[in-house]
Structure formats: C-alpha cells, structure tokens
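Open the model in your viewer and follow the stops below. Each one says what to select and what is there.

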Amino acid sequence: MNPAIQAILFYVFAFGALLSALGVVALRNPVSSALSLACCLAFVAAIFFGAGATFLGIAQLIIYAGAILVLILFIVMMLNVKDEQPAAGHWCYCIVGVVIAGMMAGTISSAALRLPGATGGRCPVHVLIEHANELCPVSGEEQATQPQTPPAEYGGMLPSISMKDHESDVSLLGKRLFTHYNMSIVILSFALLAGALGAVAVGRKLRRD
Amino acid sequence: MTPLSHYLIFSALLFSIGLGGAIMRRNVLVVLMCLELMLTAANVSLVAFSRAQGLEGVPVYDAQVLALFVMAIAAAEVAVGLALIVAMFRARRGVESTSLTSLKD
C-alpha cells in the first residue's frame with residue numbers, strides 16, 4: 001500500500017479511536033458506553049492491521065469486540081442499569097480525574113519524545129541493545145551470539161512490513177508462541193481456568209446461614 | 001508512514017482517557033470498560049515497538065506474544081469482574097461505586 005495512504009489511515013483511525021474512547025467516558029447510558037467501546041476497539045484493531053499485526057487485529061475484533069463486549073452488554077441489560085445521575089460534588093471528582101489524566105498523558109508523551117536515541121532519530125530499543133555492553137558487560141561468547149542489527153529510525157518512518165511468500169504473520173507468531181513461550185502459554189491457560197473458576201465461585205448464590 | 005513516537009503518543013492519550021474515566025465514573029461497569037481501554041492502549045504501544053524493532057519486513061514477535069497474553073488476561077479479568085459486579089448488585093441493589101462505603105461507616 002502507498003505509505004502516504006497508510007499514514008493518513010493511521011491518523012484517521014487514531015482520531016476515531018480517541019473520539020469513541022471519550023464517548024465511553026462521557027456518555028451517561030452504560031449501553032452507549034459499551035457500544036462506544038466496541039467502536040474504539042474496532043478502530044484499534046484497524047491500527048493493528050495497519051501496523052502489520054494481522055493476527056492481533058483479528059483476535060482483538062473477535063475476543064474484545066465480539067466476546068467481552070457482548071458479555072458486558074449482557075450484564076448491563078441483565079442488571080437493568082439506569083443512567084448515571086450527576087450527584088452533588090461530582091464535579092470535584094471530574095476535575096481530579098481530568099488533572100490526573102492530563103498529567104499522565106503529558107508524562108508519557110514527553111517520555112516518548114525523550115527516549116534514548118530519540119534525538120538521534122533511532123529506535124530506543126536498538127540504542128539500549130547497542131549500549132547493553134556498557135550497562136551490563138557480557139562475555140565474548142554471548143556477545144557473538146547477539147544479533148547485529150542496524151538501528152531503526154525513531155523520529156522517522158517505521159520499517160514497512162513485507163512478508164515473504166511462504167511465511168505469514170500467523171505462522172510466525174504461532175512458531176514463536178509454541179516454541180519459545182510454550183511454558184508461558186501453559187501457565188496462562190491455568191490463569192484462565194482460575195479466572196473461570198473464580199467467576200463461578202463469586203457468582204453463585206450465597207447461602208444465608 | 002508514521003513514526004514510532006506518534007504510536008506511543010496515541011497510546012498515551014488512550015491510556016489517560018481510560019484512567020480519567022476510571023477516576024471520574026461511578027458506575028462500576030463503566031470503570032471496567034475503562035480498564036479495558038487502558039489494557040488496549042498498552043497493546044498499541046507493544047505492537048508499535050514490535051514493528052519498530054523488526055528487520056527485513058518481519059516484526060519482532062515477542063511483543064505481539066506479550067500483547068496476546070495481555071488480551072487473554074483481560075478476558076479472565078472481565079469474567080471475574082463481571083461476576084463481582086453481579087454479586088455486588090445482589091448485595092447492594094445497584095452498581096454505583098459510591099454505595100460501597102461499609103468500611104468507612
């Protein structure tokens with residue numbers, strides 16, 4: 001795809017995602033908030049597609065916008081939640097929330113603009129890898145195995161994603177997931193099982209005795 | 001093409017909208033949605049770094065695996081959180097966080 005079109009699409013999707021995220025916070029009705037969240041997650045999935053993470057984008061659409069949002073909507077409708085009425089003294093919380101959120105945004109943004117190597121227009125991770133020897137010295141054997149990679153641009157363009165014919169995003173991600181992170185995914189499955197059991201245990205009716 | 005810093009700033013803005021919502025809103029369901037927003041913002045920066053580090057058109061997949069783990073944990077979190085909200089509704093007849101003051105009183 002044309003890089004200029006990709007950049008324009010990123011800004012359009014980012015604007016849409018931020019707008020619908022504001023909708024989640026600002027809308028009174030929880031159902032409108034949930035639908036706005038679905039919009040926001042779909043926009044973020046589109047940004048994932050643009051960044052070349054196709055599998056993550058599809059997983060985002062299916063897991064978040066499909067499963068989790070439907071579950072939340074189900075609970076909202078089951079509990080028959082009313083619109084939030086503005087209470088006395090609520091503006092105080094609003095001011096505190098806006099101030100803390102603004103400080104957080106400013107801090108992270110300024111950190112993103114001042115990351116190591118940002119002034120040289122290089123990817124901060126690459127700079128950290130290059131200077132790893134000064135930070136924690138390694139033996140010569142380990143040093144030889146470290147990949148020598150050219151630094152990517154930080155202030156400039158991101159490297160474009162171009163898969164070879166016989167490789168796809170899903171197969172590469174799956175290879176990484178089921179070889180290097182095999183044990184982690186087993187532990188993760190236990191965490192999911194614990195979550196399901198916990199949900200059942202918390203959700204069952206309490207006996208009054 | 002977009003520089004990495006714009007992805008990071010977008011992620012920061014999304015995260016702070018979620019944080020502000022979690023502070024401002026009283027409806028516990030909306031607070032849970034704002035938590036989802038914050039997790040998604042973290043995923044955006046992970047994906048951006050995975051692409052920025054990539055070589056010869058192939059992104060670094062460690063970051064995407066981490067983003068996948070974040071998604072799975074978010075699913076578990078939503079399951080437990082919604083069960084807690086249903087339990088809270090049974091006990092208090094409402095989902096307002098202002099009704100949870102029994103420790104204070």
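Helices here are DSSP runs of H or I with at least four residues, numbered from the N terminus. The model is predicted, so local features need pLDDT of at least 70 and side-chain atom pairs count only at pLDDT 80 or more, while totals for chains, interfaces and linings use all residues. Residues are numbered from 1 along each chain as its sequence is written, chains are lettered from A in the order in which they are written, and side-chain values use heavy atoms, without hydrogens and water.

Select B:Thr40, which sits in helix 2 of chain B. Is B:Thr40 buried or exposed? B:Thr40 counts as buried, at 0% relative accessibility (buried is under 20% relative accessible area, exposed over 50%, partly exposed in between, with a 1.4 Å probe and protein chains only). Leaving aside neighbours within four places in sequence, B:Thr40 is in contact (heavy atoms within 4.5 Å) with A:Leu41, A:Val44, A:Gln60 and A:Tyr64.

Next, select helix 3 of chain A (residues 54-79) together with helix 2 of chain B (residues 28-52). The two pack at an angle of about 175 degrees, with axes 12 Å apart. Helix 3 of chain A and helix 2 of chain B are therefore roughly antiparallel (an angle over 145 degrees). Residues making this contact include A:Gln60 and A:Tyr64 from helix 3 of chain A, and B:Thr40 and B:Asn43 from helix 2 of chain B.

Last, select A:Gly23, in helix 1 of chain A (residues 3-26). A:Gly23 is buried, at 14% relative accessibility. Not counting residues up to four places away in sequence, A:Gly23 touches A:Ser33 and A:Ser36. The C-alpha atoms of A:Gly23 and A:Ser33 are 6.5 Å apart, with the two residues 10 apart along the chain.

Definitions and conventions. Axes fitted to C-alpha atoms, helices over the stretch in contact; angles between N-to-C directions. Parallel < 35°, antiparallel > 145°, perpendicular 65-115°, else oblique.
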